[in-house]
Amino acid sequence: MAKINPFAELNAEDMSVLVEKYDGKIDPKQLEAIKEKTFCKAGLERKKSFSSIKVIRIAIAAAAVFVVVLSAVITLSVIRNKPKTAAPTTVVPSSSVSDTNPLITAISKGDDKLIGSLLENSVFVNEDVLNYAMKYRNLLSYRSISNITKAVKEKFGMTGLDPLVENAVLGNSAEVVRLLQSKESLGSLNDKIAYFFSAAFCSGDTLRLFNEKGIEIGTTDTNGDTIYEIAKKYGNTENQKYALNMGMQN
Amino acid sequence: MTDEELIELIKESPSKGLEKTIELYSALVFRIVSATLVPAGTNEDAQECASDVFILFYRNIESLDLNKGTVKGYLAVAAKHHAISVLRKLKARSNGNIISLDENENLFSVSEDIEKNERSRIVKQAIEALGEPDSTIVVRRYLFGETAKEIAKDLKMTHEAVMKRSSRAKKKLKELLGGVLCG
């Protein structure tokens with residue numbers, strides 16, 4: 001006998017009647033999480049209430065403005081003291097992150113080209129961009145994620161990523177090997193992510209260790225690519241050879 | 001706030017409008033998607049799915065015909081359909097991959113399919129034909145995924161009475177609609 005799902009048969013008109021009286025409440029944490037995810041996907045900036053994070057951000061922004069103003073004052077005084085024939089020194093105004101961070105919008109839309117251009121200006125790189133990049137990693141190229149990770153690392157000195165993932169994304173083969181040697185077995189989502197990034201940016205040694213420690217050689221990433229296909233896409237001939245030697249098809 | 005005012009707000013100020021929509025309807029949407037995703041989804045999946053519904057709503061705001069349903073009704077339909085689609089993907093892909101939102105999905109357009117609309121009418125009539133409190137119990141158990149205990153508390157009935165009525169109502173619906181009911 002066929003299974004039927006009566007509620008899936010309803011159109012908006014009939015459903016409206018059935019749900020009219022519903023007045024359930026939602027856990028504030030769930031509400032916050034849904035808002036956060038929705039605004040992130042929509043590429044819209046939320047007008048949040050004041051939180052400690054916001055206060056810190058405002059303090060950082062104020063400090064940045066102070067530094068810019070101070071350097072402008074110093075530069076102007078230098079210009080005034082210079083001979084009139086000297087080339088004028090211009091103070092480049094610091095660009096500020098707009099209400100909607102275009103880098104986050106580009107990430108959420110998987111626009112690799114735009115991400116590349118925006119990364120040239122570190123002003124768009126904030127604490128959130130890498131979270132979004134990992135969240136939308138199935139929309140982005142590995143190169144973009146690697147570039148975003150590099151930019152975050154350069155700006156903040158740390159990324160907050162799992163160390164194995166971070167080093168794989170950054171192509172630090174030696175560190176990936178060291179971390180892999182210290183692990184008993186692999187299999188978590190982070191381990192798999194690190195495996196795919198290693199296929200793109202690290203050496204064949206790393207892939208061998210991943211496979212020895214439990215990652216299936218034929219595991220595919222969110223785009224359905226194997227390590228062979230990833231290595232080929234990113235021009236990593238060493239890893240292409242490794243995959244072929246391990247019996248993967250060309 | 002009326003539906004018309006809400007839509008006007010979204011058009012004037014997407015951030016404020018979307019925030020308001022989520023505040024008003026996230027309980028309903030989250031309830032429906034959670035109830036549908038129960039077999040395979042996590043809380044995180046339900047949050048993702050609910051946020052997708054609001055995104056689809058926001059992107060397809062122009063398709064809404066308020067003469068054919070309320071915002072609440074449209075969101076409930078979209079929540080049910082999107083959750084079923086996510087559940088299928090979750091079952092098919094159990095390796096922890098991110099489920100991306102189908103940008104072309106429009107669950108907010110009014111169907112002109114006479115057959116579909118007729119099926120919808122039959123289902124609604126069958127649910128209403130159960131009479132109260134059975135129709136409320138069926139909607140709350142099988143659409144919102146509420147437990148018999150929660151429903152019993154609200155309707156001031158015993159847990160056992162809700163269980164009995166819900167089982168009887170499900171059987172009756174099955175007779176009215178044919179086939180085996182699933183949530």
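**Entry 1. Conventions.** I noted that this is a predicted model, in which local features need pLDDT of at least 70, side-chain atom pairs count only at pLDDT 80 or more, and totals for chains, interfaces and linings use all residues. Residues are numbered from 1 along each chain as its sequence is written, while chains are lettered from A and ligands numbered from 1 in the order in which they are written.

**Entry 2. Chain A overall.** I looked up the elements of chain A and found 13 helices and 1 strand. Helices here are DSSP runs of H or I with at least four residues, strands are runs of E with at least two, and both are numbered from the N terminus. Along the sequence the pattern reads β-α-α-α-α-α-α-α-α-α-α-α-α-α. Of the 250 residues in chain A, 34% are buried. A residue is buried if 20 or more other C-beta atoms lie within 10 Å of its own, exposed if 12 or fewer, and partly exposed in between, with C-beta atoms placed from the backbone. I then took the contacts in chain A between residues at least 6 apart in sequence, and 62% of them join residues at least 24 apart. Two residues are in contact if their C-beta atoms, placed from the backbone, lie within 7 Å.

**Entry 3. Helix H4 of chain A.** After H4(A) comes Gly110(A), with a positive phi near 70°.

**Entry 4. H9 and H11 of chain A.** I looked up the axes of H9(A), residues 173-181, and H11(A), residues 204-212; they come within 9 Å and cross at roughly 20°. Axes are lines fitted to C-alpha atoms, for helices over the stretch in contact, and angles run from 0 to 180 degrees between N-to-C directions. H9(A) and H11(A) are therefore roughly parallel to each other. For this term, angles under 35 degrees count as roughly parallel, over 145 as roughly antiparallel, 65 to 115 as roughly perpendicular and the rest as oblique. The crossing of H9(A) and H11(A) is left-handed; a crossing has that hand if the near helix is turned anticlockwise from the far one by less than a right angle, and is right-handed if clockwise. On the H9(A) side the contact uses Ser173(A), Val176(A), Val177(A), Leu180(A) and Gln181(A), and on the H11(A) side Asp205(A), Thr206(A), Leu209(A) and Phe210(A). By class I read 5 nonpolar, 3 polar and 1 charged. Ala, Val, Leu, Ile, Met, Phe, Trp, Tyr, Cys and Pro count as nonpolar, Asp, Glu, Lys and Arg as charged, and the others, Gly among them, as polar.

**Entry 5. Chain B overall.** Chain B has 8 helices and 1 strand, in the order α-α-α-α-α-α-α-α-β from the N terminus. I found 37% of its 183 residues buried. Among contacts in chain B between residues at least 6 apart in sequence, 67% join residues at least 24 apart.

**Entry 6. H7 and H8 of chain B.** At what angle do the axes of H7(B), residues 148-155, and H8(B) cross? I found roughly 110°, with the axes coming within 8 Å. H7(B) and H8(B) are therefore roughly perpendicular to each other, and the crossing is right-handed. Ala148(B), Lys149(B), Ile151(B) and Ala152(B) of H7(B) meet His159(B), Ala161(B), Val162(B), Met163(B) and Ser166(B) of H8(B). This contact has 6 nonpolar, 2 polar and 1 charged residues.

**Entry 7. Loops of chain B.** Lys156(B) lies in the loop between H7 and H8. Its phi is positive, near 55°, although the residue is not glycine. Lys156(B) counts as exposed because it has 7 C-beta neighbours inside 10 Å. A cis peptide bond, with omega about 5°, joins Glu132(B) and Pro133(B), and Pro133(B) is in the loop between H5 and H6. Most residues other than glycine have a negative phi, and most peptide bonds are trans.

**Entry 8. The contact of the chains.** I found 52 residues from chain B and 41 residues from chain A in the contact. H2(B) gives the largest share of the chain B side, 10 residues. That side has 27 nonpolar, 15 polar and 10 charged residues.
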